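This report examines how separate parts of one chain are held against each other. The sequence and the model are shown first.

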Amino acid sequence: MKLAQFFVKGVFCTSMLAISLLGKAAIGDSGDHHSKIVTSQVDAQTLAKHPTWRRLLFLPKVPQAYEKSEITQSNFFLVHGDVVNPQAELQAIIQALSVNDLTVICQFPARAAFVSHQIGISFDDEQCHDFSVWQSQMGLDELALVFASEHSENLASAFAHVFIRASDKGAWHDTSINYTVSTNPSDSKALALTKALTGRSPMVLQIMPYTKKTEQYLSDGRDVWVYPLDLTSDEVRQIMRHIYETRALNRPYFFTHKNCATEILRLIDVVRTDQNLADSSGKITTPSEIARLLTEHGMIASREFISSEVTKAQANFKKDITQSYLNQKDPALSAPMHRIGVGVAKVQADTAYTLSIKGAYHDLLDRPQGVRQFHDLSLLTADIAWQHQQGPSLESFRLLSTRSYHPDDDRPSHGIHLGLIKAVDASNTDNTRHLVLDARQEKGKAWVVGVDGLQTLMCHAFLIKGVQLGNINQGYRVGIGANAGCAYVGNRYRMTGEMELPIWLHPDKSASRSVYVQPTVKVAAQYDINQNEAVRLTGKLSKNNAHTDNDVTLQYLKYF
């Protein structure tokens, strides 16, 4: 055995000398779908451009003149400088392997394993004591995607959550590997959300017993879905190596595009070069899209559903959850959550053409496939209108709009809305619409009025308070009031209706009204043509000062 090891090291040293002096010596053939690698200078450059090598270094997909990695910590690289040199990093790993430098090899076991495989030599990570102890606590037989459903009471978890379960058939417990955002306990919910949206909070890796992790979600009334991943034992082991060498990295967490969901796709892309799952997920990625995307790529063959008691009550299935309910709520079968719409509107006597965009997630009119019942949450939505005489104009831009309904228990229902909307200042007879910053909170109660299988009629009543800032009398107005409405949620079509009675106040000594009521009635309906297409009809009637305004919009929606 020692003679064989001595021979391998001798071949390596000879090869390295040939690379530096002649650039012509050839060894190695991986024999799989990866690129064939020889140890000439030309082929060293080829290996340095390999997608897997670039992903291990967090480099962009396409090589750049000046390479920049997502990682800025200097200890993540062996060759230091203002830019990353992937070929120099490769040569440093080859050099470490040639002399069995365990300091380097055991710091970056995923890189060492990849390079060893490519140049055709054996690699044994069990010689790395700390890594062997770490992975023995994790489980190496199977990795599974775990989906925890949307948390209606917590904005940071309102888009659901995904993490990894590592299983070892010979161990008595499984382990959860969880990427999440690190928050400051002193931050308000709004500040914590703002930091997560703008990348001002770090991403952290949490490792804990799987049963403890799932119990946290179930106690919060959140369902848990488990999807074993179709990965080979070698792929599982390489993913664990990469998790180990990146476990202490300091990276920003973005609520929309670098989050718990995208991190799991990134890990799979490290061992599945031809998949490009991270690129397939789009610019805004939600946890349910991960389950659906992996299903579409044939990586999920089975599922396990763990129901919370809250879900059993909401579904009216006190003993069993039916198969139809499972299919309806399975995130792996969820409908696409990004949306674009075009349509025509009648605003007073004028005709306008409309464009609407929804960044992510789901309102009550969207197809309810794959989300929890009565989940109403949209992120980054915009409405644009074009009229012949006025040209294009922004009608609304919602950073966040959410309502949490609890019709089957004693918890209060509530809502938060933040963004820009077109509003009419009804304190005077001008009745001109202006874009204002609108922030509102709602709190009240919801009830289920009727249930027919998966089709439900739910009603609500809220007290509201809010403020609007912008081109209105005195530059602002504050409001209190109430709204009430109902929603029919069916599999193929949905309808909503609501009446709102806000009382607006902005003290003014002029002839303009300083306190007034501005009632509004809204109705809407959507019919799904198929999973990716729908038509939506909305109508609104508002009593302003001297006029009653009305508008009706018909839109064709495309989901992706």
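## Helix packing

Helices α6 and α10 are oblique to each other, a class that remains once angles under 35 degrees are taken as roughly parallel, over 145 as roughly antiparallel and 65 to 115 as roughly perpendicular. Two packed helices are described by the angle between their axes and the distance between the axes. For α6 and α10 the angle is about 140° and the axes lie 7 Å apart. Axes here are lines fitted to C-alpha atoms, for helices over the stretch in contact, with angles running from 0 to 180 degrees between N-to-C directions. Helices (H or I, at least four residues) and strands (E, at least two) are DSSP runs, numbered from the N terminus.

On the α6 side, the contact (heavy atoms within 4.5 Å) is made by P109, A110, R111, A113 and F114. Helix α10 contributes Q238, R241, H242, Y244 and E245. By class, the residues of this contact are five nonpolar, two polar and three charged. Ala, Val, Leu, Ile, Met, Phe, Trp, Tyr, Cys and Pro count as nonpolar, Asp, Glu, Lys and Arg as charged, and the others, Gly among them, as polar.

## Basis of the model

The model is predicted: local features need pLDDT of at least 70 and side-chain atom pairs count only at pLDDT 80 or more, whereas totals for chains, interfaces and linings use all residues. Residues are numbered from 1 along each chain as its sequence is written, and side-chain values use heavy atoms, with hydrogens and water left out.

## Salt bridges

Side chains of opposite charge can pair when their charged atoms come close. A search of the whole structure finds 30 salt bridges, each being a side-chain nitrogen of Lys or Arg within 4 Å of a carboxyl oxygen of Asp or Glu. One of them joins D125 to R237, with the closest N and O atoms 3.1 Å apart. This pair links distant parts of the chain, 112 residues apart: D125 is in the loop between α6 (109-119) and α7 (129-136), and R237 is in helix α10 (residues 233-245). D125 is buried at 2% relative accessible area, while R237 is partly exposed at 22%. Buried means under 20% relative accessible area, exposed over 50%, and partly exposed in between (1.4 Å probe, protein chains only).

A salt bridge also connects E263 and R251, whose closest N and O atoms are 2.9 Å apart. Here helix α11 (residues 260-271) supplies E263 and strand β6 (residues 251-253) supplies R251, twelve residues apart. E263 is buried at 3%, and R251 is buried at 9%. The side chains of R339 and D366 likewise meet in a salt bridge, at 2.9 Å from N to O. Because R339 lies in strand β8 (residues 339-347) and D366 in the loop between β9 (350-362) and β10 (375-387), the pair ties together parts that are 27 residues apart in sequence. Relative accessibility is 9% for R339, which is buried, and 2% for D366, also buried. Elsewhere, a network of salt bridges links R398, R403, D438, R440, E442, E498 and E500.

## Disulfides

With a disulfide taken as a pair of cysteine sulfur atoms within 2.5 Å, the count is two. In sequence order of the bonded cysteines, the pairing is 1-2, 3-4. C106 is joined to C128 with an S to S distance of 2.0 Å. C106 lies in helix α5 (residues 102-107) and C128 in the loop between α6 and α7, so the bond ties together parts 22 residues apart in sequence. The torsion about this S-S bond is about -80°, so the disulfide is left-handed. C106 is buried at 17%, and C128 is buried at 1%.

The disulfide between C459 and C486 has an S to S distance of 1.9 Å. It links strand β14 (residues 455-470), which holds C459, with strand β15 (residues 476-489), which holds C486, the two residues being 27 apart. Its torsion is about 100°, so this disulfide is right-handed. C459 is buried at 13%, whereas C486 is partly exposed at 32%.

## Surroundings of A525

A525 is found in strand β18 (residues 520-530) and is partly exposed at 27% relative accessibility. Leaving aside neighbours within four places in sequence, A525 is in contact with L365, R494, M495, V535, R536 and L537. The C-alpha atoms of A525 and V535, ten residues apart along the chain, are separated by 8.5 Å.
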